[in-house]
Amino acid sequence: MAESLGIALVGCGTVGTGVARILTEHAGRMTARAGGRSLVLRHLVVRDLAKPRDVVVPGAAVGTDWRAAVADPAVQIVVELIGGTTIAKDVVLAALAAGKHVVTANKALLAAHGFELFEAARKAERVICFEAAVAGGIPIIRALGESLAANQITGIQGILNGTSNFILSAMAESGTSYSDALKEAQRLGYAEADPTLDVDGSDAAHKLAVLAQIAFGVTAQPGDIEKQGIAGIDAMDTRFAAELGYTIKLLAEAWVADKTVALHVAPVLLRRTDPLAQVRGAFNAVLVTGDVVGETLFQGAGAGMMPTASSVVADILDIAVGRAQKTFAAAKLWSGKTEFALAPSDKVRSRFYLRALVRDEPGVLADVCRCLANERISIASIIQHEAVESPALSADLPAGRTGENQPILMVPLVIMTHVAETGRFRAAAKALAKLPGVCGPAVFFSVDD
Ligand SMILES: NC(=O)c1ccc[n+]([C@@H]2O[C@H](COP(=O)([O-])OP(=O)(O)OC[C@H]3O[C@@H](n4cnc5c(N)ncnc54)[C@H](OP(=O)(O)O)[C@@H]3O)[C@@H](O)[C@H]2O)c1
């Protein structure tokens, strides 16, 4: 009979519970898929023993001492599912030093410490598998690293944060404001009480850093990825986008030019017919372009107990049959070996959507157009609807710009540009914000046709 494989589950929260359930409820299927080796859950490590758990694992020791679980000679695989970048890093390094393989779903850990962890794994001749770290249940790590191995990847566009996608979908579909959509996401459990890392683009940037490592071999620290979140999107932007035939999505993008790759996370206007524009709610999707295959689209549940656990268990099975050991050695991830350099997104060319609240006065439109012309940006179309008198807004304006308590007429001005360099567009937007006729900072997003 084939030798069994001992597993320590460090962290038994949302994902850990799902992993424990698959391993216990589908033990026969797991053994068959593991080439006859039974997968034995020997330890569940948690922080609070008193907390009720939704899973019972007969025969597993439940404790709080991760070091003891990792050191157990009957354990061959340590599954890190506690999250964060401090104790999780200690767990992974201790597991490798003890000769155990590691499975993790922790993109923040990989993005911050990938180099050190993978060096340690190579030294220990063990593997780190992380299919669940990006886009939960979607097998994007294997797709990039294995199934598309014949390609040079030339572009990645991903909806990698389900919370942001839920909020933007709600705004587009029911015309609700950002804050109301966020409250609804929190009520339904799609957003944390503190949603910052989801809505400011940090979570998507961590995942993009991991994808960029696999696709291009570049090690992007979280600070290397330019990011713009979704909090600045107003209900009027979703309305204008719809009027123009677009939907706003938070995209994590990697664009290749020569031997450079630009990585950024930002809201983008996508044509309503674009497959990514149709990804609704908390779902994730990744559009990968390869030089041989062309475009491929991967879509599914990007988070949640069972979808994420599905990917974690696939990693365990890969280790059980020895597949992960072969691919890990060949992939040389986080080894510093790459022919690509990271480039700022300044040179990436795109069309832009620009929306500013402007005073409805002669000359303002000309001033705005001049700011764009100064950066050699050509205008494709302009939308300016009838102004409404809005004395309430005058109170929000900086002193000296409103006139003495006089009601002013303000109007949203929307400009769609032709293709321009991002850097030039940013410079134009900066100049525009200083114009006396422009009330508050302009909002701008790139447009993907
Ligand atoms: N949730 C998702 O849908 C999802 C999707 C993709 C990737 N991920 C990643 O998966 C990882 C786990 O996420 P999660 O949502 O499952 O987190 P979670 O629900 O907060 O669970 C964390 C678990 O770790 C335990 N823990 C925390 N600190 C510990 C410590 N110092 N010692 C021992 N145990 C400790 C907690 O114990 P207690 O239960 O006693 O508090 C809990 O069981 C994270 O890296 C996350 O980014 C999650």
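Predicted model: local features only at pLDDT ≥ 70, side-chain atom pairs only at ≥ 80, totals over all residues.
What order do the six strands of the open sheet have, and in what sense do they pair?

The order is 3-2-1-4-5-6, and the pairing is parallel. At the edges of this sheet sit strand 3, residues 61–63, and strand 6, residues 128–129, each of which pairs on one side only. Strand 6 has strand 5, residues 101–104, as a parallel partner, and two bridges join them. In that pair, Val-102 is the residue opposite Ile-128 of strand 6.

Next, what packs on the sheet. Helix 4, residues 87–97, does, and it touches strand 1 (5–10), strand 4 (77–80) and strand 5. The direction of helix 4 is at about 170 degrees to that of strand 4.

Now to a pair of helices. In general, two packed helices are described by an angle and a distance, both taken between their axes. For helix 4 and helix 5, residues 107–124, the angle is about 10 degrees and the axes are 9 Å apart. The two helices are therefore roughly parallel. Which residues meet there? From helix 4 they are Ala-88, Lys-89, Val-92, Leu-93, Leu-96 and Ala-97. From helix 5 they are Leu-109, His-113, Leu-117, Ala-120, Ala-121 and Ala-124. By class, that contact has 10 nonpolar residues, one polar and one charged.

On to the ligand. There are 24 residues around it, and the nearest are Gly-11, Gly-13, Gly-83, Ala-105 and Ala-303. Which element gives the largest share of that shell? Helix 1, residues 14–25, does, with three residues. Sorted by class, the shell has 11 nonpolar, 10 polar and three charged residues.

Last, the protein as a whole. The protein has 16 helices and 19 strands. Its radius of gyration is 25 Å, close to the 22 Å that the globule rule gives for 449 residues, so the protein is as compact as a globular protein of that length. The C-alpha trace spans about 85 × 50 × 35 Å along the principal axes.

Technical notes:
Residues numbered from 1 in each chain as written. Pairing = 2+ DSSP bridges. Helix = DSSP H or I, 4+ residues; strand = E, 2+ residues; numbered from the N terminus. Contact = placed C-beta atoms within 7 Å. Axes fitted to C-alpha atoms, helices over the stretch in contact; angles between N-to-C directions. Near = placed C-beta within 6 Å. Nonpolar A, V, L, I, M, F, W, Y, C, P; charged D, E, K, R; others polar. Parallel < 35°, antiparallel > 145°, perpendicular 65-115°, else oblique. Rg over C-alpha atoms; globule rule 2.2 N^0.38 Å.
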